Amino acid sequence: MYEVIAFYIFAISTTVLFMITAMSKNILYAMTSLAAGMVMISGFFFLLGADFLGVVQLIVYVGAVMALYAFAMMFFDATKDIKEKHNSPALVFLLGGLMALVFVVMFSAPIIGENIQALYPVVEGVGNAQAVGIVLFTKYLVPFEVAAIMLLVAMIAGIILAGKKMDFSLTTNEELPLVDKESEDEILKESR
Amino acid sequence: MIGISHYLILSGILFSIGFMGVLRRKNLLMLFFATEVMLNAVNIAFAAIGNYYGDLSGQMFAFFVIAVAASEVAVGLGLLIVLYKKHHSLDLDVISSMKG
């Protein structure tokens, strides 16, 4: 009974919050509703018995990813509303609706699949975090290490890309281009 | 009682919301938010199917999706800052340089 109530509360709140994320004109509102929706999604993981995944969702998504977005928004002007030009909104909604129908059918296709066997069954007698650790460090050790290297590469790439010209204020020098066209061409010629 | 079908249909709906966002957004930062919604929707489906079959592979894939999403955000935001320094805008119509 409690599971039903919790599921519907989380389902309605995530749907509404993500709808705000996809439709809002203000970056701040979109980001805040996305963070709140991710907190609600971790509720589903706790309901499904994936405690460790729920904690990771809270720490990584809400803690790290959204904080990264919040820091990146300091580079952009987040207070003004975004003006977006839509050529044919009716066509987008028609195509989006059709694709949405296809996605819902596609995602719910495993309901009728009966003959699927568990490859790595849940280990009995230990908690979720221990079971995850046992599988992660035996069967999925190589992908785990590759993911670690990928995160290192991503960190270096983020530092290199964002770190250039940090003393140049973007919001106060809105009209000044950083590199004008002629000097850019000269630089390109000299480098050849 | 809440079965796997509830979770899968919810995940499909959330994925569709993210997909609609990707289709209609013209601002690059908002496009990133929409992709995050899609990744989260898929994570719910993975966890639900893993729970249904008593299998831990679903949770494992959700972990790797989270790792990929974190690195995607780090690199993507760096690229966004570089683009904003160059064009002073994040609008796709302003940034696009190819005709067609």
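Mentor: The crossing of α6(A) and α3(B) is left-handed, meaning that the near helix is turned anticlockwise from the far one by less than a right angle (clockwise would be right-handed). This is a predicted model, in which local features need pLDDT of at least 70, side-chain atom pairs count only at pLDDT 80 or more, and totals for chains, interfaces and linings use all residues. Residues are numbered from 1 along each chain as its sequence is written, with chains lettered from A and ligands numbered from 1 in the order in which they are written.

Trainee: At what angle do α6(A) and α3(B) pack, and how far apart are their axes?

Mentor: Two packed helices are described by the angle between their axes and the distance between the axes. Here α6(A) and α3(B) pack at about 15 degrees, with axes 8 Å apart. That makes α6(A) roughly parallel to α3(B) (angles under 35 degrees).

Trainee: Which residues of α6(A) are buried?

Mentor: An α-helix has 3.6 residues a turn, so residues three or four places apart point the same way. In α6(A), the buried residues are A:A154, A:G158 and A:A162 (20 or more other C-beta atoms within 10 Å of a residue's own, C-beta atoms being placed from the backbone). The buried residues of α6(A) pack against α3 (57-87) of chain B.

Trainee: How many residues of chain A are in contact with chain B?

Mentor: In chain A, 72 residues are in contact with 65 residues of chain B, contact requiring C-beta atoms within 7 Å.

Definitions and conventions:
Contact = placed C-beta atoms within 7 Å. Buried ≥ 20, exposed ≤ 12 C-beta atoms within 10 Å, placed from the backbone. Helix = DSSP H or I, 4+ residues; strand = E, 2+ residues; numbered from the N terminus. Axes fitted to C-alpha atoms, helices over the stretch in contact; angles between N-to-C directions. Parallel < 35°, antiparallel > 145°, perpendicular 65-115°, else oblique.
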